[in-house]
Amino acid sequence: MYKGQSGMWSWLFHRISGLGILLFLFIHIVDVSMLSFGPDVYNQSVTLFDYWIVRLLSLSLVVAVLYHAFNGVRIMAIDFWRKGSRYQRAMFGAVLVLTLVVFIPVAYIIMLPALHWLTQMPHSTAGH
């Protein structure tokens, strides 16, 4: 049993991030399927991405993908490097730091267009 050590948290976050990515895949399939209803319906559905709350959900996807990818590399290092298990705690810390370092500029880029929309409704981009 891990009993609250870094291995347990790494395992738990890896599973949660994987489920979040799977959920996004289903949402993406629905989003793309809107094309079958015509360009107007698709363009109206895409305007949902202008809302700041949807941008926050996009940020959660970004952090899930980053963590899942970096932690996957950590897991491979533990599996294929003879000394990997000795450094698993340090590598978990590195995964968290790398995730944050890459996430912060991406979060700024994603949220910047939405910052002035916190108090306004997004405009319709249908037909553009």
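Predicted model: local features only at pLDDT ≥ 70, side-chain atom pairs only at ≥ 80, totals over all residues.
A pocket here is an open set of grid points, on a 1 Å grid over the protein atoms alone, with protein on both sides within 12 Å along at least five of seven lines.

**Stop 1: the largest pocket**

Select Phe 24, Ile 27, Phe 49, Val 54 and Leu 57. Of the 18 residues lining the largest pocket, these are the closest to its centre. The volume of this pocket is about 460 Å³. Next, colour by element: α1 and α3 are the elements that give two or more residues to the lining. Helix α1 gives the most, with 8 residues. Colouring the lining by class instead shows 12 nonpolar, 5 polar and 1 charged residues.

**Stop 2: α3 against α4**

Select residues 52–80, which are helix α3, and residues 88–111, which are helix α4. Two packed helices are described by the angle between their axes and the distance between the axes. For α3 and α4 the angle is about 155 degrees, and the axes are 9 Å apart. Because angles over 145 degrees count as roughly antiparallel, α3 is roughly antiparallel to α4. The crossing of this pair is right-handed. In the contact of α3 with α4 there are 21 nonpolar residues, alongside 3 polar and 2 charged ones.

**Stop 3: Val 62**

Stay on α3 and pick Val 62, which lies in that helix. Which residues does Val 62 contact, leaving aside its neighbours within four places in sequence? They are Phe 103, Val 106 and Ile 110. Draw a C-alpha to C-alpha distance from Val 62 to Phe 103: the two are 7.3 Å apart in space and 41 residues apart in sequence.

**Stop 4: α1 against α4**

The crossing of α1 with α4 is left-handed.

To see the contact itself, show side chains on both helices. On the α1 side, select Ser 6, Gly 7, Trp 9, Ser 10 and Phe 13. These meet Gln 88, Arg 89 and Phe 92 in α4. By class, the contact of α1 with α4 has 4 polar, 3 nonpolar and 1 charged residues.

**Last view**

Helices α1 and α3 both give residues to the lining of the largest pocket, where the tour began.

How values were computed. Residues numbered from 1 in each chain as written. Heavy atoms only, no water. Axes fitted to C-alpha atoms, helices over the stretch in contact; angles between N-to-C directions. Helix = DSSP H or I, 4+ residues; strand = E, 2+ residues; numbered from the N terminus. Parallel < 35°, antiparallel > 145°, perpendicular 65-115°, else oblique. Left-handed = near helix turned anticlockwise from the far one by under 90°. Nonpolar A, V, L, I, M, F, W, Y, C, P; charged D, E, K, R; others polar. Contact = heavy atoms within 4.5 Å. 1 Å grid on protein atoms, 1.4 Å probe; cavity = no way out; pocket = protein on both sides within 12 Å on 5 of 7 lines; lining within 4 Å. Points joined across faces, edges and corners; volume = space filled by probe spheres on them.
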